[in-house]
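Please look over the sequence and the model first.

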Amino acid sequence: MNVMIHAAAKAATFCHPLDVIRVQMQTDGVAYKNTFDAATKIYQRAGIVEGLYAGVSAAYLRQWMYGSFRIGIYAYLLEQTQLQNVANGKNKNDISFGQKLAMGCCSGGIGSFIGTPSELALVRMSGDNKLPPAERRNYSNVIDCIARIGKEEGITKLWRGATPTVLRATLLSSAQLGVTSEIKGHLAKSGWFGPNGAYFYGLPMMFCSTLCSSFVANIVANPFDVMKSRLQSMPVDASGKAMYSSMGDCFVKSVKSEGILVLWRGFTPAFVKLAPYTIISLTLADKLTRAVTGKDAL
């Protein structure tokens, strides 16, 4: 598990500004023309530390609570399936694509539910400087954010947006982890990257596998990402009434007022963030796990 945490934290440090841009493009309020326009305006408004790296402490907590758990659970399920295959006299890698998708769904769903409070903190902190000064929450760090939400809104509100968060993570992880494993297996057999994909320590093969899985994952998960960001950042008035009553209500209102393509708003920064994150974290997880245990993580 320490290997997974190390890999996820390195990826989070590199990719966090893209997460801030994605959240700000997906939520209500100030509109941005494109990814570059969003990055420029965020930097001009709040700089690097308070702007593009706003909420980075929440990103680290999310990777510890969500990122490391989902990769660790997937690696465990994959290993147990391989051991079962060996015990049954089958090739250890005789695992169907459907099984890999199911493992990804399971690991992503569990990890995301555990990590929902940190995901909520990330969305709140990343989008705070987009709000008018009088409406900003001004959280000092992720612990302050989580503590204040629990105190001011109730402990259960730390899981606000849990439904789209879990659905998004289930689809994202099944595509990310399952597709990576599947493509990696095919490329290893193809000989394009040397015997068993071992050319240059297997890095080119992992790069191609994770890049393809990132694109597929982003297509299927982005609509739920938009719903999640809007639900977790929406203001609540003094009477406790929120802008959206549920994920379905958010979906209907968003599509009705902004069109169907609103579901893929922020696709570019989400993909540009997801691709290097997936490449870095899954490659590190795979290689560090092999170095420590002698077994592949994916």
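The model is predicted.

**Salt bridges**

Side chains of opposite charge can pair when their charged atoms come close. The structure holds 17 salt bridges. Three of them are listed here.

| Pair | N to O distance | Location |
|---|---|---|
| Arg-62 and Asp-19 | 2.6 Å | α4 and α1 |
| Lys-273 and Asp-19 | 3.7 Å | α10 and α1 |
| Asp-144 and Arg-148 | 3.8 Å | both in α6 |

Asp-19 pairs with Arg-62. Arg-62 sits in α4 and Asp-19 in α1, so this bridge ties together parts 43 residues apart in sequence. Asp-19 also pairs with Lys-273. Lys-273 sits in α10, so that bridge joins parts 254 residues apart in sequence. Arg-62 and Asp-19 are both buried, and Lys-273 is buried as well. A network of salt bridges links these residues with others, including Arg-22, Glu-119 and Asp-225.

The α6 pair is local: Asp-144 and Arg-148 are 4 residues apart, about one turn of the helix. Asp-144 is partly exposed at 22% relative accessibility. Arg-148 is partly exposed at 24%.

**Helix α4**

Does the span of α4 agree or disagree with its residue count? At 1.5 Å a residue, its 32 residues should span 46 Å; the end C-alpha atoms are 45 Å apart, which agrees. The helix bends by about 40° at Gln-63. Gly-89 follows α4 and has a positive phi, near 80°.

**Asn-138**

Most residues other than glycine have a negative phi. Asn-138 is not a glycine, yet its phi is positive, about 55°. Asn-138 lies in the loop between α5 and α6. Its relative accessible area is 53%, so Asn-138 counts as exposed.

Methods:
Residues numbered from 1 in each chain as written. Predicted model: local features only at pLDDT ≥ 70, side-chain atom pairs only at ≥ 80, totals over all residues. Heavy atoms only, no water. Helix = DSSP H or I, 4+ residues; strand = E, 2+ residues; numbered from the N terminus. Expected span 1.5 Å × (residues − 1). Bend = angle between axes of the 7 residues up to and from the residue. Buried < 20%, exposed > 50% of the residue type's maximum accessible area, 1.4 Å probe, protein only. Salt bridge = Lys/Arg side-chain N within 4 Å of Asp/Glu carboxyl O.
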